[in-house]
Amino acid sequence: MKWEIKYNKKDGIVAVKTSGLITWDENKLMAQEVLAAAKYHTTKKVFVDHRLSKPDLSILEIDELPSLLKQIGVGPEYKVAILFDPASPQSDNFTFFQNVSTISSLQFRVFSESAEAIEWLKAEA
């Protein structure tokens with residue numbers, strides 16, 4: 001998987017665009033880099049564009065992702081919007097990830113529209 005991280009100063013959002021297969025190890029590395037960027041820019045808002053990516057994770061790995069994210073320092077104070085392609089055969093994996101994240105008290109939401117994701121990130125809690 002490849003990724004590119006940018007910071008939108010106007011909205012205070014760290015954005016990452018990914019492509020390729022999302023594997024466990026690469027997802028962990030990307031999450032660590034994104035978290036470091038968010039800390040550097042002192043923001044708790046993250047936008048992840050996975051439309052050009054395909055999850056290569058088992059359902060058990062997806063279930064464990066919230067635990068991994070907590071271990072590297074992602075807490076409930078972070079708002080993470082994930083943009084995915086609803087036509088993807090793996091679209092159910094994104095919904096499942098949102099559900100297990102919610103159960104783990106993490107603020108991860110999946111969206112099929114960029115504007116809706118950005119609006120949710122900008123909304124105050």
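Author: The crossing of H1 and H2 is right-handed, in a model that is predicted, with local features requiring pLDDT of at least 70, side-chain atom pairs counted only at pLDDT 80 or more, and totals for chains, interfaces and linings using all residues. Residues are numbered from 1 along each chain as its sequence is written, and side-chain values use heavy atoms, with hydrogens and water left out.

Reader: What makes the crossing of H1 and H2 right-handed?

Author: A crossing is right-handed if the near helix is turned clockwise from the far one by less than a right angle, and left-handed if anticlockwise; the crossing of H1 and H2 is right-handed. Their axes, lines fitted to C-alpha atoms over the stretch in contact, with angles from 0 to 180 degrees between N-to-C directions, cross at roughly 35° and come within 11 Å.

Reader: Why are H2 and H3 called oblique?

Author: The axes of H2 and H3 cross at roughly 40°; angles under 35 degrees count as roughly parallel, over 145 as roughly antiparallel, 65 to 115 as roughly perpendicular and the rest as oblique, and H2 and H3 are therefore oblique to each other. The contact (heavy atoms within 4.5 Å) includes Ile62 and Leu65 of H2 and Phe97 and Val100 of H3.

Reader: How do you know that there is a cavity of 30 Å³ or more?

Author: On a 1 Å grid over the protein atoms alone, a cavity is a set of points where a 1.4 Å probe fits but cannot get out, and a search of the whole structure finds one of 30 Å³ or more. The largest cavity holds about 350 Å³ of space, a volume being the space filled by probe spheres set on the points. Among its 24 lining residues, which have an atom within 4 Å of a point, Asn27, Met30, Ile82, Phe97 and Phe108 are the closest to its centre.

Reader: Which element gives the most to the lining of the largest cavity?

Author: H1 does, with six residues.

How values were computed: On a 1 Å grid over the protein atoms alone, a cavity is a set of points where a 1.4 Å probe fits but cannot get out, and a pocket is an open set with protein on both sides within 12 Å along at least five of seven lines; lining residues have an atom within 4 Å of a point. Helices (H or I, at least four residues) and strands (E, at least two) are DSSP runs, numbered from the N terminus.
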